[in-house]
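Take a look at the structure first, and then we can walk through some of its features together.

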Amino acid sequence: MMQSDTFKYFDPSRVPSPCFVVDEVAIERNLQILAHVQEASGAKILAALKAFSLWHLGPLVSKYLSGICASGYHEALLGYDEYTSKSERGEVHVFSAAFSDSEFAKTLPIANHIVFNSFSQWKKFKPQLVDSDVDVGLRINPQHSEGTTPIYDPCAAGSRLGIPLSQFKKYESAGGNLQGINGLHFHTLCEQGLEPLRRTLAVIEDRFAQYLPQMQWINFGGGHHISHPDYDIDGLIELIKNFSQKYNIQVYLEPGEAIAIRTGVLVSEVLDVAHTDQAQLILDTSATCHMPDTLEMPYRPDIFLADNEEMGQKGEKQYSYRLGGMTCLAGDVIGDYSANQSLKVGDRLIFDDMAHYTMVKTSTFNGVQLPAIAIWNSKTDQLKVIREFTHDDFKTRLS
């Protein structure tokens with residue numbers, strides 16, 4: 001079953017290949033869910049640009065949410081320019097594992113919140129914050145893992161992200177205090193439901209409760225699958241309200257994938273059908289260039305043919321193929337699939353649910369063409385290709 005359900009009957013021949021296609025109607029559907037949570041709970045919800053930064057839709061996102069969160073200066077500036085209203089700006093929150101001097105100097109004038117990853121970074125930049133109205137926060141590491149994949153687990157052993165309780169104790173024992181710190185930030189989730197958040201909060205209350213009364217706000221981070229059909233929205237609203245009232249504190253959430261899940265696809269075309277020890281489909285889409293999470297996580301994307309047939313596991317259907325890209329990397333392999341029909345050069349494939357994270361991670365390794373970007377409206381059927389990439393985009397990445 002296609003997760004990006006509005007694309008069930010989308011004709012992939014309408015766009016160039018490869019091409020990311022995002023349905024603005026599905027994006028707004030997700031934003032409306034997030035806006036409901038925001039209004040009913042009193043929380044402020046920020047769009048995490050690290051997951052989805054299709055700034056063409058910035059005005060739509062800012063219509064529903066309180067602002068954006070960024071992972072450094074460039075995302076912060078993009079959010080400031082494209083996601084916040086010029087007449088009534090939304091909030092710009094910025095976290096970085098470490099700020100350079102030059103990046104911090106450029107970030108400070110456009111940020112509302114800056115979150116530091118260590119006491120040493122806070123100490124270093126504190127003099128620049130004296131005459132600033134920026135809210136300052138610290139990222140904490142509750143050392144409570146809810147993730148199943150270490151590469152995506154900020155609380156895995158040896159993590160460089162967040163300050164554990166032991167460092168708070170060490171800082172205080174050396175005479176330090178938290179004067180000037182307005183809030184705390186944590187991030188433990190990755191595409192998860194309410195119960196992992198509930199367990200995380202219990203740990204935070206157990207380990208960091210003594211600091212909460214001093215804070216004006218707390219940021220629950222990202223990874224919340226709020227717009228997923230199975231998410232317990234009412235439970236989340238109740239959880240936020242109870243926590244906020246208990247500590248008299250403003251709650252923030254910064255979902256990324258919840259804005260873009262089930263909203264977009266990646267269209268690809270078969271360039272060659274080769275035969276080695278098995279049938280190989282060589283695509284104009286590359287795992288390493290266009291969907292690196294299939295190798296890093298790894299995970300197996302769902303793929304549909306132009307007639308809406310979902311490709312199956314190897315051997316499940318009549319014709320089996322290994323799908324790979326056209327780069328020189330031997331491991332540029334998306335996976336082994338099967339279909340009820342024999343596939344040929346020129347056939348179009350639709351990779352499901354590819355709007356979040358996949359789009360922001362593309363690269364031009366081997367000079368591979370970046371996918372075009374199209375906006376579709378599933379209600380009006382209006383389709384517009386908003387970006388096609390050229391040789392200059394590859395050339396100007398280096399010099």
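## Two residues with positive phi

Gln-143 sits in the loop that links β6 (135–139) and α6 (165–173). Its phi is positive, at about 55 degrees, although Gln-143 is not a glycine. Please keep in mind that this is a predicted model.

Asp-381 is another non-glycine residue with a positive phi, near 70 degrees. You will find Asp-381 in the loop between β17 (372–376) and β18 (383–387).

## Cis peptide bonds

Two spots before proline deserve a visit. Ser-17 and Pro-18 are joined by a cis peptide bond, with omega about -5 degrees. Pro-18 belongs to the segment before β1 (19–23).

Further along, the bond from Met-297 to Pro-298 is also cis, and its omega is near -20 degrees. Here the proline, Pro-298, lies in the loop between α11 (293–296) and β12 (303–305).

## The barrel

Now to the strands. Eight of them form a closed barrel in the order β2-β3-β4-β5-β6-β7-β8-β9, and the pairing is parallel. From one strand to the next, the twist averages 25 degrees.

Ile-68 has Val-92 in β4 as its bridge partner. Helix α3 (residues 73–82) packs on the sheet and touches both β3 and β4, with its direction at about 170 degrees to that of β3.

## A pair of packed helices

How are two packed helices described? By the angle between their axes and the distance between the axes. For helix α7 (residues 194–208) and helix α8 (residues 233–247), the angle is about 15 degrees and the axes are 10 Å apart. Angles under 35 degrees count as roughly parallel, so α7 is roughly parallel to α8. Their crossing is left-handed.

On the α7 side, the contact is made by Leu-194, Leu-197, Arg-198, Leu-201 and Glu-205. From α8 come Gly-235, Leu-236, Leu-239, Phe-243, Lys-246 and Tyr-247. Sorted by class, the contact between α7 and α8 has seven nonpolar, one polar and three charged residues.

## The chain as a whole

Stepping back, the secondary structure of the chain amounts to twelve helices and 18 strands. The radius of gyration is 22 Å, close to the 21 Å that the globule rule gives for 399 residues, so the chain is as compact as a globular protein of that length. Along the principal axes, the C-alpha atoms fill a box of roughly 70 × 50 × 45 Å.

Notes: Residues numbered from 1 in each chain as written. Predicted model: local features only at pLDDT ≥ 70, side-chain atom pairs only at ≥ 80, totals over all residues. Heavy atoms only, no water. Axes fitted to C-alpha atoms, helices over the stretch in contact; angles between N-to-C directions. Helix = DSSP H or I, 4+ residues; strand = E, 2+ residues; numbered from the N terminus. Parallel < 35°, antiparallel > 145°, perpendicular 65-115°, else oblique. Left-handed = near helix turned anticlockwise from the far one by under 90°. Contact = heavy atoms within 4.5 Å. Nonpolar A, V, L, I, M, F, W, Y, C, P; charged D, E, K, R; others polar. Pairing = 2+ DSSP bridges. Rg over C-alpha atoms; globule rule 2.2 N^0.38 Å.
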